[in-house]
Amino acid sequence: MSETMGTEVTRSELELDGGRRLRVHDTGGAGSDRLVVLWHHGTPNIGAPPEPLFAASERLGIRWVSYDRPGYGGSTPVPGRNAASAADDVTRVADALGIGRFALMGHSGGGTHALACAALLPDRVLGTVSVAGPAPFGAEGLDWFAGMNESGRASLTAAVAGREEKERHEARATYDPAMFTAADHAALAGEWSWFHDVVGPAVEAGPGGLIDDDLAYVAAWGCDPRSITGPVLLLHGGRDRVVPCSHSQWLASRCPRSELALHPADGHISVLRHAAAALEWLVRNEKG
């Protein structure tokens, strides 16, 4: 079934084998010949595409497609999923919509899932943008926790200890505004206040999706980012306290066709003010 959300986005339910379901979001509609950018959301969010970028995407001729990761919104939980499992979900979504090739963009943990899809779907992915995304846990030569704010470190350390400890941590965890810089808070109060619309629905049924995400971030991806053959743009803020910029610096040194766009004054959210330029980068790469 499908449901129109305002005048911009169509929401549908994709039924998979075994009774599993994915909720899909699409700004294009059937027959659209615009560049498809498949959005991978952060943690904890639902998968609605990034409304603050709609004006830029209309100008550039971009169609957004996205989905709620398992355990969020209208998508069935899949405990034990890893980053690589997103490639199968993306394939199912694209096939159902009749989409052959597409670009990828992900923010925060969505960057990890976007890069995993780029590694595993080289024949379908035109280019990938990871915005403030984590590198693989345990990556050689990277102090993975260095530079994270205290609450974020505690949350992911609990995930390293396993599901039970992570569940106990989430039962007592509270929002920590110190994870964001002053620039981040300004962005959240302004254009990127959109995040309030996608965070609330993501956790209203409990922290299950967040727990599965964090367990995936501290586990093996199931693929190697060094195997990505397509172009990659790594966009990161130099003052990021959630995912330190050293993660994108590490990825840039390993992904063969990567570019690092480091913005020293930005944090985890404020760096998204450069996301429209990243969309322009995707369009240029799609045109060759």
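Predicted model: local features only at pLDDT ≥ 70, side-chain atom pairs only at ≥ 80, totals over all residues.
I started by counting elements: the protein has ten helices and nine strands.

**Overall build**

Next I looked up the dimensions. Along the principal axes, the C-alpha atoms of the protein fill a box of roughly 45 × 40 × 35 Å. I then checked the radius of gyration, which is 17 Å; that agrees with a compact globule, because 288 residues packed that way would give a value near 19 Å.

I also asked how much of the chain is covered, and 55% of the 288 residues count as buried. For contacts, I took pairs of residues at least 6 apart in sequence, and 74% of those contacts join residues at least 24 apart.

**Surface and charge**

The protein exposes about 11,900 Å². I looked at which atoms make up that area, and carbon and sulfur supply 51% of it. I counted charges too: there are 25 positive and 35 negative ones, and their mean positions are 3 Å apart.

I picked out strand β2, which runs over residues 9–15. Buried or exposed? Mostly covered, I find, with five of the seven residues in β2 buried.

Then I went after its partner. β2 pairs with strand β3, residues 21–26, in the antiparallel sense, and I get six bridges for the pair.

Last stop was the turn. β2 and β3 make a hairpin, and five residues lie between the two strands. I checked G18 in that turn and found a positive phi of about 80 degrees.

Key
Residues numbered from 1 in each chain as written. Heavy atoms only, no water. Buried < 20%, exposed > 50% of the residue type's maximum accessible area, 1.4 Å probe, protein only. Helix = DSSP H or I, 4+ residues; strand = E, 2+ residues; numbered from the N terminus. Pairing = 2+ DSSP bridges. Rg over C-alpha atoms; globule rule 2.2 N^0.38 Å. Contact = heavy atoms within 4.5 Å. Areas by Shrake-Rupley, 256 points an atom, 1.4 Å probe, with all protein chains shown as cover. Lys, Arg positive; Asp, Glu negative; His and termini not counted. Charge placed at Lys NZ, Arg CZ, Asp CG, Glu CD.
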